[in-house]
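Trainee: I have a model open and some labels to check. Can we go through them one at a time?

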Amino acid sequence: MHKISNNFSRMTPAAFGISRFHQEIPQQPQPLRRPPPSSSVVPPGHSDYSIINLSFNVPFASSLPGPEPDDVLHASPGAVQRWTFPAGTAEGTPIYKLPVHVQNEERLRNLCQYIGDSSGGRIEALVTSSESKTSQAMHSKAQGLITNVCISGDHDVVHKMRAKVLNETPIMMKSAVVDIDPNLILDPAETSIRSSVLSHIDLCAKYTGTDIFLLRSRAEANPQPNTQPFVNAVDSGLDQRYRLKHKIDVIKLDLTMHTLVSGRTGKNIKLIESATKTAIYFPPPFPGVFGYVPPGATRRAPDEIFVTGETQERINHAKQKLRELVMSIKLFSRDVMVSASKVDSILLDRLDKVRKIMEANASQVLFPQLASQRGLVRVQGTDVLHVERTVKEIMTLAGQFYSASWWLMVTDPAQTPSLRPPSASEIRVMLSDICTNSGADLSFDKMNFAINGSDDAVKDAMMVINQIPFVKRYPYQIRVKIELANEHKEFVSGKKNGKINKIMGQSNVQIIFDGFNEYNFYIDVVGNQYEATKNGLDLVEQEMPASISFHVPDQYHKRIIGIGGQHIQRIMKKYSVFVKFSNAMDRGGVGKDDEDVKIDNVICRTPARNAQSLDAVKQEIMDMVEKVDAEFVSETVVINRLYHRELISRMSEIEGLEKKWNCKVDFPSTEQASDIVTISGPEYQVPQAVDAFLGMVPESHEIAFQKSGSLEQFFDSNEFSNDLRHKMRSQYEVDVHLNPVFGSLPKSATASVERIVTATEGRLVLTYTRNNAGGLKDAIDFLISQLVPHGLEASTVKGAIARPKSDSFEDSLPFFESKLLQNAPSLHLNDSPTRSLFHDGDVTPVSERSSIFDKLRKPGSIGSFSSFMSRKNTNNTPGNFYRYPSSNASKASLISLESRESGYRNFWNDSGVNLPEEDAASISSKNGGWPARYSENKFPFGTNTSTPGDKTPRHEPRASFDSGRPPTSHSFSNLPAPMQVPASHVQQNNLFPYNNTNNKKVHHNEVVGSAPNLHLPLR
């Protein structure tokens, strides 16, 4: 293993099959840190001061709903009783009152009572449940019921009990939906679900300890009233030839090698699947982090990888390639220290983010078990650069959580007999209330509050503590710790610590920079008054870096920077934002993975108080980038997951498509069982890439009819084989097959066309690709119109597509002017309603002229993207530069490119009704060379649907990632949020308001914001 040290020393390569587990990471001592200030007064000898009180929330998923009872076709034993309300339950009952959630809470109470009874009085535990408050829901996961546990006892015993509670209760429950083809589970003879399928569902539920529901399909649960009966005769499932019984095999590989073998974004595994035509399934990446196992369930082996394929030879080939890949890996590792409380916060709140970091860098992060009070984290990877990136991103996640301490300086009680410290029971109730309403973890030990959690949770907890009457009677000291990357130390402190000195002078606090490790350092804000400390903390947060990162192709960097940096300096001075560019050499040198081309290579950083300028800087930079390369977006298309294997086997074609359109095609991992494929790239290139990708997806549609003599003669004539079929191919990109035999048609990603027909039944199979599916209805209508004169009865045709009724009032408007019911105007019309009257081809810009492909466009087809060629930007010639020679940038940066809105919207007419002069323009060259179908939908091939009315597209800006101090809760910027405390938190009329008689907890109340109902469709 290659051990990363300060000089990145190397050792021998890792051997195949060596096992390492999370629990085997050697524990190293925590580095010495500056201890908290000790009070000059001696704590009184009260018995309660020798114990610690710990309060934390148990993250039950109490807002997770069950399925609708009417949609359940089959359920595993006991699942319906657990996830549905009993008969007679009142409508509007909160979701957290489902039997499964009530049962989990009762088990927790019994566990705490059992531990307390078995400890002989050394441990006392209080379990409370209350409805989530709005203040907490703003910066924590929305849940209907908050369950809190407060434990009192010795330090070591209390933390062990916390670990036992979190690892023996079903926290963080989730649900997943898998769409399946009904024909895979239905018995065609009895029109019911096969018994073998039901027994297998029950077996899986018992083995894994889960509840599995088989639900009705969406189409069956929500039938369309206008659906024609013959439409149901069309099979929309997957081709039967993909439903072979695949073989399965297992290969064992050490868990720590899984993401390393997969490669960045799973590239290596996709290449193996493509070469061997197999599917490879990896286990979950964090099996040792959570200790809960449902009763009677079997935990999956963490080192088992399943490989499925049609033949054993393919499976063996895939296993051999995996072994070869493992033997070629050179392993690097690095151990870093993270606060134990922040490790638990990352595991509970940021585990999905860690998984994405691992996939992006092909690295493995080994965490200790939840609540183990260990802070050593190990990162392994195949490259030093990737390991360092992973470590920095993990440390950035740790910086999203704060820690604070509130020390009460208690004098001798003999001198102040009127001031009585709270009792143990009062402390437990007080801590439970603070923790429930703030979301932070609290402990109370020797008159010291220790607070851990997200930034807003810690600040809310301090605000509530400040309202407690007995806290105000004693002098105190507050210390808030903020963790930040070492590279930002000078950014926060300013020149000669000018910023920090100014803050300390304004707010009367002390600010200390305390080193933590080689990646992060602590900023300690210390004060003796709450308001002063809060003000100082807010000022420090406003000086912390807020940043935005995005991708700009490397060829534009010199243009944007300008000669001597004149242009970028002007932008930075204008907005007070620091901008940094990184090229391929800065990212690790030429020759690295191709994915590096698409990573964010421009970062803009500014103090959080100026965060609103970041978007303006990004927009000004992106305005200097050609449209074809600007604004990276993503589009999703739905393709049956079983057909993904066929597409992955054509990886060479997909790679060529990616290079041609500068886009990236991402398939979901096989473990997700998802049908969604994501295509990302420049905004102006993604539609063409989607069209080209869907051109690789074959589909078929069947038309059945009654045979007749005249039809048979027509089918045997040259008019059908030469004329009609040729027109279908040339005009609609659809091929027609008459009564095809088994195996004669190409495999289809949709309907099964392999079936036996009766002697009196005729069938035509239409084959096409997904990008031409929009013209299928027109093709069928044209085909039927050509067959009707030869004896076809149109009313008996099965498989015709009915015209959808777009407006429920359409029947009442037959006599109105037809222009009122027309489509939306074209998205690329003239910028003036009178311009069409003076049209001149010589003066019309190239981008608005009609191309020859528009004139040859196939009617009814949505697959022709050739007209995009006419939008080729003419600013790429070597002679086009800035009008001033002092700048080295393209002309496009001075001639302001159209904004996202102005490039698509006709401001003269933004209604849903065409003007008279726009009727012809909507189908002419005035659309700027774009296909007419683009006037209705920007991405017509994805999940978007076409609806009548105004079609002005709403473009989402490219997601930006904060590489400085990301927001950790409800805020979308790094500006500090105002802290508010509900009035119920403040009680001024009692010195010790938190007691068992005056404080009442609500165990079951109304849910605030529940998750959507669980739908498990068959299709």
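Mentor: Start with confidence. Over residues 819-1019 the pLDDT is below 50. Where pLDDT is low, the predicted coordinates should not be read in detail.

Trainee: What rules apply to the values?

Mentor: This is a predicted model: local features need pLDDT of at least 70, side-chain atom pairs count only at pLDDT 80 or more, and totals for chains, interfaces and linings use all residues. Residues are numbered from 1 along each chain as its sequence is written, and side-chain values use heavy atoms, with hydrogens and water left out.

Trainee: Why is the pair of phenylalanine 470 and tyrosine 474 called edge-to-face?

Mentor: Rings of Phe, Tyr and Trp (its six-membered ring) pair if their centres lie within 6.5 Å; planes under 30 degrees apart count as stacked, over 60 as edge-to-face and the rest as tilted. Here the centres are 6.4 Å apart and the planes are at 75°, so the pair is edge-to-face. Both residues are buried (under 20% relative accessible area; exposed is over 50%, partly exposed in between; 1.4 Å probe, protein chains only).

Trainee: What makes phenylalanine 715 and phenylalanine 720 an edge-to-face pair?

Mentor: Their centres are 5.0 Å apart, with 65° between the planes.

Trainee: How do you know that the charged end of lysine 481 sits over the ring of tyrosine 522?

Mentor: The rule wants NZ of Lys or CZ of Arg within 6 Å of the ring centre and within 35 degrees of the ring normal. Lysine 481 has its charged end 4.7 Å from the centre and counts as over the ring.

Methods:
pLDDT = per-residue confidence, 0-100. Contact = heavy atoms within 4.5 Å.
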